[in-house]
Amino acid sequence: MRVSFLIDFTDLRRWQAEAIVGVLTATGASGAIIPVTGPPPAGLLDLCLAFEALAFRRPRSKPLDRISPDALNLPMDATDADLVIDLAASTETTGDRLLITVGGFGVIAGAADAIMAGEEPFVDLIAVVDGQQRLVGRWHVAVEDRRQLGSGMTIAASRAIEMLTLAASQLAGGAALRDLTLPRVEADPSPHRPGQPALFAAAAFARSLAARLERLVRTPPNWAIAWRTDETGDGALPTITGRPWRRLADDGQRFYADPFVVRRMGRTVLLLEEFPFATEKGVISAVEFGTDGPVGTPRPIIETDCHLSYPFVFEEDGALYMIPETSGRRQVQLWRAIEFPDRWEQVAVLIDNIDLGDATLFQRDDRRYLFGTVRPNWGSSWDGLAIFTAERLTGAWAPLFAGPAKVDVASARPAGRMFPVGTTMIRPFQDSAGGYGAGLGFARVDRLDAGGYAETTLMALRPAPPLSGLHTYNRGGGFEVIDVIADGEAVVVTP
């Protein structure tokens, strides 16, 4: 197989070199370069990136660095190729090819414009066949730091590399360009608006200074857990609004998040992430619930040398297990209760060498499925849903299919235990468009097999001010629990 890459040498960046390496490695193909003319580079963009590195005291993102054509180490050859990949968003190119864009522009320029408009970029992969364009895949990617162009642009570039590598692998396996398909979100991006990098950088730096000053004079809002008795009827989705929730009190020296409630041996216990500000490292804590709510104060039950969160708890064969998030160790670990709820032991590593966020287990028939968000190189753990499967709890676990099930910052990351409503299965999801954990939703799982994954959003919620985040939903033992970003004085919260 022979792959030719269309490159504009006036705007050649490291991410494009990484995309070429990824495609050639995945396909075993030989490669060549075809110089083309792309859209004019965004004015002042590199100056803005250099200013961000100084202002925020962070190293400049390497994928955005300009590089020499010699660094590609490929011949320039315009002869026939089995596959042509346009990495320049060329406006003058004809012929069949794969084209990757953001908002109709090149990945870097398009992502920068989207971020300056206050939006998350949509990365589009397009097959051009016989002069006609067909959308192959559309991924809605995260912007983890809205003050910086470089952060969001790097995430967009990372997903672009992943998208191209997956597509090239399918083509190398025998798929036809006209039939190529990757996961795609159904939402459409907003109309393109050109940005002004210099003004954006100045405004972002001013907002950062204002936020620093504010933190000196007041305690910023933090995550908090809220609870209420469960009055959800059988066969119905949760109704988050309407009835009030009561906040789980804290002492102002920590926050609580990621609530899971479990009923076992006649006791109802709330498991949660506790994040002490003094250590800035999460631990798993527990507090017992009586008929009127929490009894006492949450106490740590699992603490390791890495940050812990999202204590996904479940029962199997009479034993109680937990899969806490241990992405800091690049592992998915399985823990078992020795003395419920205070003593636990690690019994297995389900998946090794992976940065998997909010692992959520689901069993159907004789198979188990593990949902979570995977952070690729330079990417985000907010936007890419991965699904693994195994016959037994202890594995071996393997990806259900190559690549992410979906890439969508507004619905990918799990937000709690999956649960049935009638004959359908409901998946809670996080909506981080606009900020981490900004909203919560529920989706109906329509398809889950080796051929693909599909779901339909049934409900999406954003909390009303003064709340600014709604992140997790669970229920059990006669209670419903959520977490929110709430002011420190709030006692009763109503999303």
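This is a predicted model: local features need pLDDT of at least 70, side-chain atom pairs count only at pLDDT 80 or more; totals for chains, interfaces and linings use all residues.
Which loop holds Glu280?

Residues are numbered from 1 along each chain as its sequence is written, and side-chain values use heavy atoms, with hydrogens and water left out.

**View 1. The largest nonpolar core, with 58 residues.** A nonpolar core is a set of buried Ala, Val, Leu, Ile, Met, Phe, Trp, Tyr and Cys residues joined through side-chain atoms within 4.5 Å. Buried means under 20% relative accessible area, exposed over 50%, and partly exposed in between (1.4 Å probe, protein chains only). Phe5, Trp15, Leu98, Ile100, Leu149 and Met153 have the most contacts inside this core. Helix α4 (residues 149-172) supplies the largest share of the core, 13 residues. Helices (H or I, at least four residues) and strands (E, at least two) are DSSP runs, numbered from the N terminus. Another core, of 38 residues, lies apart from this one and has Leu308, Leu334, Leu356 and Trp397 among its members.

**View 2. Surroundings of Trp15.** Leaving out residues up to four places away in sequence, Trp15 touches Pro63, Leu87, Ile100, Val107, Ile108, Ala157, Ala160 and Ile161. Contact means heavy atoms within 4.5 Å.

**View 3. Helix α1 (residues 14-27) and its packing partners.** The 14 residues of α1 reach 20 Å from the first C-alpha to the last, close to the 20 Å expected at 1.5 Å a residue. The expected span is 1.5 Å times one less than the number of residues in the helix. Buried in α1 are Trp15, Gln16, Ala17, Ala19, Ile20, Gly22, Val23, Leu24 and Thr27. These buried residues pack against strands β1 (2-7), β2 (30-35), β3 (83-86) and β4 (97-102), and against helices α3 (107-116) and α4. Gly28, with a positive phi near 70°, follows α1.

**View 4. The crossing of helices α2 (residues 45-55) and α4.** The two axes come within 9 Å and cross at roughly 115°. Axes are lines fitted to C-alpha atoms, for helices over the stretch in contact, and angles run from 0 to 180 degrees between N-to-C directions. α2 and α4 are therefore roughly perpendicular to each other; that class covers 65 to 115 degrees, with under 35 roughly parallel, over 145 roughly antiparallel and the rest oblique. Leu45, Cys48, Leu49 and Glu52 of α2 meet Leu149, Gly150 and Met153 of α4. Among the buried residues of α2 are Leu45, Cys48, Leu49 and Glu52. Arg57, which follows α2, has a positive phi near 55°.

**View 5. Positive phi at Glu280 and Trp378.** Most residues other than glycine have a negative phi, and most peptide bonds are trans. Glu280 lies in the loop between β10 (267-276) and β11 (283-290). Its phi is about 55°, and at 60% relative accessibility Glu280 counts as exposed. Trp378, in the loop between β18 (367-374) and β19, has a phi near 70°. Trp378 is partly exposed, with a relative accessible area of 27%.

View 6. Pro341 sits in the loop between β15 (331-339) and β16 (343-352). Ala396 is in the loop between β19 (384-390) and β20 (398-399).
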